[in-house]
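User: I have a new structure open and would like a walk through it. Could you take me along step by step?

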Amino acid sequence: MSKSMRILEKTENSIEVELIDDDHSLCNLLKDILLEKTDKVIMASYVIEHPVLNPETGRYISNPKLIVKTTEGNDAEEVLKEALKEVIDLCNKTLESLSQ
């Protein structure tokens, strides 16, 4: 998972973040969760500009960038935070089901 997230660009209805030392895992999950929020999200996508792996670390040379655009009146950063909380909830539910 990503060690950190850096905001590259932000307006009320859009945000672009870089996920440091991440790959497709978190970005793809967040994109899918965000796209389910059809009442709040117009667009959610991510890109890895240089998809070559560093042979020493096994990580991509460039970090993925996640772009989210929201409908009027929905703050993009807050919608992204909601999606991140849903990821946490999904992980917690999965852990609980494994414990039973």
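Analyst: One term is needed before we start: two strands pair if DSSP finds at least two bridges between them. With that in hand, β3 and strand β4, which covers residues 65-70, pair in the antiparallel sense over six bridges. Please keep in mind that this is a predicted model.

User: Which residue stands opposite K69 in β4?

Analyst: That is M43, which stands opposite K69.

User: And what order do the four strands take in the sheet?

Analyst: They form an open sheet in the order β1-β2-β4-β3, and the pairing is antiparallel. The edge strands are β1 and β3, the latter made of residues 41-47, and each of these pairs on one side only. On average, neighbouring strands of this sheet are turned by 15° against each other, if direction is ignored.

User: Where do the helices go?

Analyst: Helix α1, residues 24-35, packs on the sheet and touches β1, β2, β3 and β4, with a direction that makes about 170° with that of β3. Helix α2, residues 76-99, lies across β1, β2, β3 and β4 and runs at about 45° to β2.

User: Where do side chains point along a strand, in general?

Analyst: In a regular strand the side chains alternate between the two faces of the sheet.

User: What's the order of elements along the whole chain?

Analyst: From the N terminus on, the elements run β-β-α-β-β-α, which comes to two helices and four strands.

User: What about overall dimensions, and how much is buried?

Analyst: Along its principal axes, the C-alpha trace of the protein chain spans about 45 × 40 × 20 Å. Of the 100 residues, 35% count as buried. The chain exposes about 6,400 Å², of which carbon and sulfur atoms supply 51%.

Note on methods:
Residues are numbered from 1 along each chain as its sequence is written. This is a predicted model: local features need pLDDT of at least 70, side-chain atom pairs count only at pLDDT 80 or more; totals for chains, interfaces and linings use all residues. Side-chain values use heavy atoms; hydrogens and water are left out. Buried means under 20% relative accessible area, exposed over 50%, partly exposed in between (1.4 Å probe, protein chains only). Accessible areas come from the Shrake-Rupley method with a 1.4 Å probe; for residues, only the protein chains shown count as cover. Axes are lines fitted to C-alpha atoms, for helices over the stretch in contact, and angles run from 0 to 180 degrees between N-to-C directions. Contact means heavy atoms within 4.5 Å.
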